[in-house]
Amino acid sequence: MKKFFKDYGLYIAWVVTILGIVGSLYFSEVKGFIPCILCWYQRIALYPLAILLPIGILRRDKNVFWYTWPLAAVGLLIALYQNLLYYGVIPEKLAPCVNGVSCTTKYINYFGFVSIPLLALVAFVVILLFIIFSKKND
């Protein structure tokens with residue numbers, strides 16, 4: 001199993017990245033949901049990974065970890081903060097979304113708990129874990 005993660009972890013991280021990009025564009029461009037400021041920051045962290053991960057894969061770059069994990073970690077921290085806001089752990093008055101759409105706008109609610117911020121958080125967790133699992137030590 002460890003070999004599987006080392007060999008295919010970056011591929012899985014890349015697929016999840018592409019799914020995250022397609023999902024974010026679907027929600028904003030097809031469904032018409034206006035992204036909040038935290039969603040934009042998460043996109044800023046996510047979108048470059050769609051280019052950096054395949055470059056690292058194609059070049060068999062042993063250092064791909066060092067230029068992808070910071071983006072995934074920043075995206076994860078922003079997604080975590082947004083989830084804490086969204087689910088009421090942090091008061092909404094601490095949200096950076098002063099103008100435009102609120103960071104706690106409830107666009108979807110699948111199964112009673114799955115929201116867009118939760119989807120983003122799960123995506124960044126998976127991406128970061130697979131980037132870490134695939135780190136080559138040789």
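**Entry 1: charged pairs.** I note here that the model is predicted. Both K3 and D7 belong to helix α1, and they stand four residues apart, about one turn of the helix. Side chains of opposite charge can pair when their charged atoms come close. I then asked how many salt bridges a search of the whole structure finds. The search finds one.

**Entry 2: the surface of the model.** I next looked up a nonpolar surface patch and recorded an area of about 440 Å². The residues that make this patch are W14, V15, I18, L19 and V22. I placed V22 in helix α1, which covers residues 2-30.

**Entry 3: α3 against α4.** I turned to helix α3 (residues 49-58) and helix α4 (residues 64-86), whose axes come within 10 Å and cross at roughly 160°. Angles over 145 degrees count as roughly antiparallel, and α3 and α4 are therefore roughly antiparallel to each other. I recorded the crossing of α3 and α4 as left-handed. Which residues meet between these two helices? From α3 I listed L49, L52, L53 and G56, which meet V64, Y67, T68, L71 and A72 of α4.

**Entry 4: α4 against α5.** I followed α4 to its packing with helix α5, which comprises residues 116-133. The axes of α4 and α5 are 8 Å apart, and the angle is about 155°. The crossing of α4 and α5 is left-handed.

Notes
Residues numbered from 1 in each chain as written. Predicted model: local features only at pLDDT ≥ 70, side-chain atom pairs only at ≥ 80, totals over all residues. Heavy atoms only, no water. Patch = residues over 30% accessible without salt bridge, like charges linked within 9 Å, V, L, I, M, F, W, Y side chains within 5 Å. Areas by Shrake-Rupley, 256 points an atom, 1.4 Å probe, with all protein chains shown as cover. Salt bridge = Lys/Arg side-chain N within 4 Å of Asp/Glu carboxyl O. Axes fitted to C-alpha atoms, helices over the stretch in contact; angles between N-to-C directions. Parallel < 35°, antiparallel > 145°, perpendicular 65-115°, else oblique. Left-handed = near helix turned anticlockwise from the far one by under 90°. Contact = heavy atoms within 4.5 Å.
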